[in-house]
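Subject: Structure handover and notes

Dear colleague,

I am passing on the structure we talked about, together with my notes on its fold. Please look at the model first and then read on.

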Amino acid sequence: MEGKAAFIKISDYLDKKSKHDHAYHKIKEWIIDGTFPAETILVERQLCELLDLSRTPVRNALQELAKEGFVAMSPGRGVMVSRIQIEDVIEIFELRRSLDVLSLELLMKNKSSDIISRMRQSGQHESGVRAG
């Protein structure tokens, strides 16, 4: 290849599962960070170009994201980034609160003076950071 620059394509080094994972994680990242805001129509062909991948791993990634609610797939209209509903946010916070309570219950059941001491120190440190 004299006189021509050699370009390395990431897709040349990924196996089938890795290509799907790469597409899934990258599209999900773009949705979460706002690169693709709610109600954006995602065009499979453009995603393939952006990710330098064939249609199969991109299509599979979109199907997985649809199962998780990140996108909505509708025949004839394509794939659209979902809008986060307030109910989803409330559900996440309720789940998190339940997990926090369970964690504290388990801690108290199996309490260790060392763990409790470190928690107190951490709490005092955070209070000092907030006050300072």
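Predicted model: local features only at pLDDT ≥ 70, side-chain atom pairs only at ≥ 80, totals over all residues.

Residues are numbered from 1 along each chain as its sequence is written, and side-chain values use heavy atoms, with hydrogens and water left out.

The protein has five helices and three strands, where helices (H or I, at least four residues) and strands (E, at least two) are DSSP runs numbered from the N terminus. Read from the N terminus on, the elements follow the order α-β-α-α-β-β-α-α. Of the 132 residues in the protein, 18% are buried, buried being under 20% relative accessible area, exposed over 50% and partly exposed in between, with a 1.4 Å probe and protein chains only. Among contacts (heavy atoms within 4.5 Å) between residues at least 6 apart in sequence, 54% join residues at least 24 apart.

The three strands form an open sheet in the order β1-β3-β2, with antiparallel pairing. Because β1 and β2 stand at the edges with a single partner strand each, one side of each is left without a neighbour in the sheet. Strands count as paired if DSSP finds at least two bridges between them; β1 (residues 41-42) is joined to β3 by two bridges, and β2 (residues 71-74) is joined to β3 by four. M80 of β3 is the bridge partner of I41 and also of A72. Between β2 and β3, which form a hairpin, there are three residues, and G76 in this turn has a positive phi of about 85 degrees.

Helix α3 packs on the sheet, where it touches β1, β2 and β3, and its direction makes about 110 degrees with that of β2. Axes here are lines fitted to C-alpha atoms, for helices over the stretch in contact, and angles run from 0 to 180 degrees between N-to-C directions. The axes of α2 and α3 come within 9 Å and cross at roughly 115 degrees, which makes α2 roughly perpendicular to α3 (the class for 65 to 115 degrees, with under 35 roughly parallel, over 145 roughly antiparallel and the rest oblique). The contact is made by E44, L47, C48 and L51 of α2 with R55, V58, R59 and L62 of α3.

Leaving aside residues up to four places away in sequence, F36 touches W30, I31, L42, L47, L50 and V81.

E39, in the loop between α1 and β1, has a positive phi of about 75 degrees although it is not a glycine, and E39 is partly exposed, with a relative accessible area of 45%. D52, in the loop between α2 and α3, is likewise a residue other than glycine with a positive phi, near 55 degrees, and D52 is partly exposed at 27% relative accessible area.

Best regards
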